[in-house]
Amino acid sequence: MKKILLGVTIIFMILETTVVYATATNTVNNEVNMIGEISQMKEKTQRELDDYIERYGSESYGLTAFILKKVQIYSIPFCFLGVALSAIYQYVIGIRKLDTRDKGFYSLVGFVTIFVICQVLPLVFAIVVKGWRG
């Protein structure tokens with residue numbers, strides 16, 4: 001059994017090295033394409049940041065609005081995952097253990113609170129800056 005396992009491992013290692021050598025030529029082309037995509041992403045982000053700075057009339061307010069918008073977008077999957085894990089703790093694992101059920105409930109409340117804050121904060125910032133600042 002050990003000899004068969006050793007033989008299969010050696011075959012996989014040989015196949016892996018041939019695959020690595022075969023794909024090494026394509027790596028250079030992929031790196032050039034990746035650098036082009038990264039520079040396009042950087043330009044797009046800079047244009048979006050400049051748009052926020054123009055809208056809010058100040059570099060600090062524009063940067064703050066840009067960051068809050070990114071936080072708003074990325075909080076959705078993070079909080080969704082947190083709510084799902086909290087529900088598992090509360091309803092699946094918490095059936096047998098009461099302390100785990102409480103942990104799931106408290107983390108569920110925390111993730112929903114974080115979600116609401118992250119979704120409402122850009123709106124409140126826009127109202128305060130645009131409305132009261134003039």
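**Fold and rings**

Modeller: Along the sequence, the protein chain reads α-α-α. Note that this is a predicted model.

Colleague: What share of the residues in the protein chain is buried?

Modeller: The cut-off for buried is under 20% relative accessible area. The protein chain has 134 residues, and the buried share of them is 16%.

Colleague: Among contacts between residues at least 6 apart in sequence, what percentage joins residues at least 24 apart?

Modeller: A contact needs heavy atoms within 4.5 Å. Of the contacts in the protein chain that span at least 6 places, the part joining residues at least 24 apart is 55%.

Colleague: Why is the pair of Tyr-56 and Phe-125 called tilted?

Modeller: The whole structure holds 5 aromatic pairs. In the pair of Tyr-56 and Phe-125, the ring centres are 5.8 Å apart. Planes under 30 degrees apart count as stacked and over 60 as edge-to-face. The planes of Tyr-56 and Phe-125 meet at 45°, so the pair is tilted.

Colleague: How many residues apart are Tyr-56 and Phe-125?

Modeller: Tyr-56 is in helix α1, residues 2-56. Phe-125 is in helix α3, residues 98-133. The pair links distant parts of the chain, 69 residues apart.

Colleague: Is Phe-125 buried or exposed?

Modeller: Buried means under 20% relative accessible area. Tyr-56 falls under that with 9%, so Tyr-56 is buried. Phe-125 has 16%, so Phe-125 too is buried.

Colleague: What kind of pair do Tyr-61 and Phe-125 form?

Modeller: Their ring centres lie 6.2 Å apart. Their planes are at 65°, so the pair is edge-to-face.

Colleague: Which helices hold Tyr-61 and Phe-125?

Modeller: The pair ties together parts that are 64 residues apart in sequence. Tyr-61 lies in helix α2, residues 59-92, and Phe-125 in helix α3.

Colleague: Which residues form one aromatic cluster?

Modeller: Phe-125 pairs with Tyr-56. Phe-125 also pairs with Tyr-61. The one cluster is formed by Tyr-56, Tyr-61 and Phe-125.

Colleague: Which residue lies over the face of Tyr-56?

Modeller: A charge over a ring must be within 6 Å of the ring centre. At Tyr-52, Arg-55 lies over the face, 4.9 Å from the ring centre. At Tyr-56, the distance is 5.4 Å, and the residue is Lys-130.

Colleague: Where does α2 bend?

Modeller: α2 has 34 residues and reaches 48 Å from first C-alpha to last, close to the 50 Å expected. The bend is about 35°. Pro-77 follows within four residues of the bend, which is at Ser-75.

Colleague: Which residues does Ser-86 touch, not counting those up to four places away in sequence?

Modeller: Ser-86 is in helix α2. Its relative accessible area is 2%, so Ser-86 is buried. Beyond four places in sequence, Ser-86 touches Gly-104, Ser-107, Leu-108 and Phe-111.

Colleague: How far apart in space are Leu-85 and Ser-107, C-alpha to C-alpha?

Modeller: Leu-85 lies in helix α2. At 45% relative accessibility, Leu-85 counts as partly exposed. Leu-85 and Ser-107 are 22 residues apart in sequence, and their C-alpha atoms are separated by 8.9 Å.

Colleague: Which residues does Thr-100 touch, leaving out those up to four places away in sequence?

Modeller: Thr-100 is part of helix α3. Its relative accessibility is 11%, so Thr-100 counts as buried. With sequence neighbours up to four places away left out, Thr-100 touches Tyr-89, Ile-93 and Gly-94.

Terms used: Residues are numbered from 1 along each chain as its sequence is written. This is a predicted model: local features need pLDDT of at least 70, side-chain atom pairs count only at pLDDT 80 or more; totals for chains, interfaces and linings use all residues. Side-chain values use heavy atoms; hydrogens and water are left out. Helices (H or I, at least four residues) and strands (E, at least two) are DSSP runs, numbered from the N terminus. Buried means under 20% relative accessible area, exposed over 50%, partly exposed in between (1.4 Å probe, protein chains only). Rings of Phe, Tyr and Trp (its six-membered ring) pair if their centres lie within 6.5 Å; planes under 30 degrees apart count as stacked, over 60 as edge-to-face and the rest as tilted. A charge sits over a ring if NZ of Lys or CZ of Arg is within 6 Å of the ring centre and within 35 degrees of the ring normal. The expected span of a helix is 1.5 Å times one less than its number of residues. The bend at a residue is the angle between axes fitted to the seven residues ending there and the seven starting there.
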